[in-house]
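Open the model in your viewer and keep the sequence panel beside it. The tour goes from one selection to the next and says what is there.

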Amino acid sequence: MELDLAGAELKAVLNRLRRAQGQISGVIRMIEEGRDCEEVVTQLAAASRALDRAGFAIIAAGLQQCLTDAGENGASPEDREVMRARLEKLFLSLA
């Protein structure tokens, strides 16, 4: 399953990933500085949410693309079911 993210979708996903990257760098810095455990965990949770949101955005774009492709290409019910199962597995991997 190849994913083709367009302009706004790509920008949104990249922004979320960059935000997570910055938050993870912050967590590393906080640990190196011996910061309070609660602060570290709060920052780590924020990074985790940013990664999850990026993953969900990618899956949503993939779902829309697959539905469009299936309709345009006249995919069989079996092919659509295989694609649905693959997308469900991806979705659940983030849960």
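This is a predicted model: local features need pLDDT of at least 70, side-chain atom pairs count only at pLDDT 80 or more; totals for chains, interfaces and linings use all residues.

## Stop 1

R35 and E39 form a salt bridge, and their closest N and O atoms are 2.9 Å apart. R35 has a relative accessibility of 40%, so R35 counts as partly exposed.

With the three side chains shown, you have the whole network: salt bridges link E33, R35 and E39. How many salt bridges does the structure hold? The count is two.

## Stop 2: the whole chain

Zoom out and switch to a cartoon view. The chain has three helices and zero strands, and from the N terminus the order is α-α-α. Of its 95 residues, 22% count as buried.

Next, consider which parts of the sequence touch. Of the contacts between residues at least 6 apart in sequence, 73% join residues that are at least 24 apart.

Colour the chain by pLDDT. The average is 82, and 87% of the residues score at least 70. Which element has the lowest mean pLDDT, and which the highest? Helix α3, residues 77-93, has the lowest at 78, while α1 has the highest at 89.

## Stop 3: along helix α1

Select residues 7-32, which make up helix α1. The helix has 26 residues, and the distance from its first C-alpha to its last is 37 Å, close to the 38 Å expected at 1.5 Å a residue.

Colour the buried residues of α1: V13, A20, Q23, G26, V27 and M30. An α-helix has 3.6 residues a turn, so residues three or four places apart point the same way.

Stay with Q23 for a moment. Is Q23 buried or exposed? Its relative accessibility is 14%, so Q23 counts as buried, the cut-off being under 20%. Leaving out residues up to four places away in sequence, Q23 touches Q43, A46, A47 and A50.

Then step past the end of the helix. α1 is followed by G34, which has a positive phi, near 70°.

## Stop 4: a nonpolar patch

Which helix gives the largest share of the patch? That is α1, with five residues.

Finish on L51, which lies in helix α2, residues 37-73. L51 has a relative accessibility of 39%, so L51 counts as partly exposed.

Note on methods
Residues are numbered from 1 along each chain as its sequence is written. Side-chain values use heavy atoms; hydrogens and water are left out. A salt bridge is a side-chain nitrogen of Lys or Arg within 4 Å of a carboxyl oxygen of Asp or Glu. Buried means under 20% relative accessible area, exposed over 50%, partly exposed in between (1.4 Å probe, protein chains only). Helices (H or I, at least four residues) and strands (E, at least two) are DSSP runs, numbered from the N terminus. Contact means heavy atoms within 4.5 Å. pLDDT is the predictor's confidence in each residue, from 0 to 100. The expected span of a helix is 1.5 Å times one less than its number of residues.
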